[in-house]
Amino acid sequence: MADGWLPDLDRTPGAKYAVIADALGMAIDRGELPGGTRLPPQRDLAARLGVDLTTVTRAYEAARRRGLIEARGRAGSFVRAPQRVEIADLARVDTGMNLPPELPGGLLARTITDTVGALLLDASPLRLQYQAMGGSAEDRAAGVRFLRAMGLPSEPDQLILAAGGQNALHAIMNLVLIPGDAVLCRRFVYSGFRALAQRMGIRLVGLDALDAASIAAACATDPRVRAIYLVPTNDNPTAETLDEDARREIAAAAVRHDLQVIEDDAYGPLSAIPVAPVAAHAPDRSWYIASASKIISPALRIAFLHAPQVAAALQLATHIHQTAVMPPPLNAAMLTRWIDDGTATRLIGAMRAEAARRQTLAARLLGGLDFTAHPQGYHLWLRLADGIAPNDLADAMRPTGLSVMPADRFAAGDARANAVRVSLGGLADDDQLVRALRILHGHASA
């Protein structure tokens with residue numbers, strides 16, 4: 001029993017029941033109250049803290065709603081044991097997506113539980129109805145604040161909400177491209193964009209480098225080049241990041257050759273050293289996407305889409321409405337509240353720290369292998385020795401739950417590489433990750 005646990009009510013401002021519930025959550029996160037620990041009876045804790053019994057009752061109920069504790073009748077209240085995701089389950093749900101890691105201590109689930117409850121109590125009933133095309137004024141204003149913090153000046157009339165980054169890409173491509181057009185990109189490109197291009201009859205022209213010379217050469221030989229697609233920070237799959245000079249060079253080349261820029265900045269906010277987007281240097285021809293899926297959770301199907309002109313934003317809003325009607329209103333309301341009260345910054349910071357910790361672990365366990373990684377990213381691009389087939393390695397790793405995708409899943413055109421993308425996210429705990437990385441090292445070193 002947690003007889004020695006006693007929260008400090010004077011250290012943190014706020015309602016006392018909420019302070020007790022928060023303190024309980026932090027103690028569980030730190031391991032001070034492991035799963036199965038019996039909590040002090042409510043009457044005893046109230047007496048020790050000098051508060052009303054109803055205060056402790058509300059605190060325990062709040063903790064129960066967050067999934068922190070469970071009541072067992074007369075036996076009392078106990079800390080819930082963390083749910084372990086089995087390796088077989090991880091292998092079964094692998095879709096090839098680059099999954100973000102789970103935040104320690106169930107932080108995300110607890111935060112969502114608290115926010116949804118507060119929204120349903122406090123928010124306008126309009127949040128439960130169909131939303132205006134492009135998103136509500138409140139949500140678009142929050143998106144503007146988020147993009148400005150990323151270094152992109154924006155205005156509410158130029159920004160709309162989409163149901164995730166893929167929905168945003170689909171709308172942009174429908175608006176600015178037609179079948180037979182060509183898009184410049186890296187030789188290995190985000191598989192979701194590749195799938196959309198194939199479906200829409202858009203040709204991808206993979207370049208060894210996204211620089212002025214390569215862009216000029218491609219435009220000189222292919223008159224149907226219309227746009228450039230890029231993931232500027234921690235590219236998926238190659239984990240490369242463009243510095244400020246490279247971004248300025250791409251922007252200048254886009255202006256020179258009259259190209260549109262489709263900038264899919266899925267991972268930018270995770271970087272400890274942010275760099276202004278390409279869109280900041282070519283605002284009149286850039287379509288910029290910032291989504292919550294990769295930096296907080298795939299469960300948040302919200303993306304902020306910045307268009308180069310107000311008229312273009314209005315057209316995009318129509319495309320979004322025709323394909324998805326609207327982003328999930330509660331998702332949008334939740335993200336807006338998090339941006340306004342600082343929760344988004346805290347969650348992104350926690351994801352950044354967890355990704356960095358996993359990269360440190362991978363660097364230690366994969367020593368001697370040839371790979372590229374971003375220090376605050378949760379995937380890496382592993383180049384294999386001759387004789388090791390990417391597809392065979394991916395098949396061998398599937399039972400471990402570690403997502404390993406061969407290079408051909410990302411190839412633009414006929415690009416070839418003896419390489420795989422390894423996702424460090426999605427695994428339930430360190431024991432599973434360590435074991436999987438050791439097995440990966442064994443296979444890749446053979």
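I started with strand S8 and found both faces covered: Ser286, Tyr288 and Ala290 on one side, Trp287, Ile289 and Ser291 on the other, all buried. Buried here means under 20% relative accessible area, with exposed over 50% and partly exposed in between (1.4 Å probe, protein chains only). Strands (E, at least two residues) and helices (H or I, at least four) are DSSP runs numbered from the N terminus.

Housekeeping before going on: this is a predicted model, where local features need pLDDT of at least 70 and side-chain atom pairs count only at pLDDT 80 or more, while totals for chains, interfaces and linings use all residues. Residues are numbered from 1 along each chain as its sequence is written, and side-chain values use heavy atoms, with hydrogens and water left out.

Back to S8. Six of its six residues are buried, so the strand is largely enclosed by the rest of the structure. In a regular strand the side chains alternate between the two faces of the sheet.

Next I looked up the partners of S8; strands pair if DSSP finds at least two bridges between them. Strand S7 (residues 260–264) runs parallel to S8 and is joined to it by four bridges, with Ile262 opposite Trp287. S8 and S9 run antiparallel, again with four bridges, and there Ala290 stands opposite Phe304.

Then helix H6 (residues 137–149). I get 13 residues and 19 Å from first C-alpha to last, close to the 18 Å expected at 1.5 Å a residue; the expected span is 1.5 Å times one less than the number of residues. Its buried residues are Asp139, Arg140, Ala142, Gly143, Val144, Phe146 and Leu147. They pack against strands S3 (159–162), S8 (286–291) and S9 (303–306), plus helices H12 (329–341) and H13 (343–365). Just after H6, Gly151 has a positive phi of about 95 degrees.

On to the cores, meaning sets of buried Ala, Val, Leu, Ile, Met, Phe, Trp, Tyr and Cys residues joined through side-chain atoms within 4.5 Å. The largest nonpolar core has 68 residues, and Phe146, Phe193, Tyr229, Ile296, Phe304 and Trp338 touch the most other members. H12 gives the most to this core, with six residues. Another core, of 23 residues, lies apart from it and includes Leu369, Leu402, Val422 and Ala444.

I finished on His379, which lies in strand S11 (residues 379–383). His379 is buried at a relative accessible area of 0%. Its side chain makes a polar contact with the side chain of Asn98 at 3.0 Å. A polar contact is a pair of N or O atoms within 3.5 Å; within protein, one must be able to donate a hydrogen and the other to accept it, and residues adjacent in sequence count only if both atoms are side-chain atoms.

Definitions and conventions
Contact = heavy atoms within 4.5 Å.
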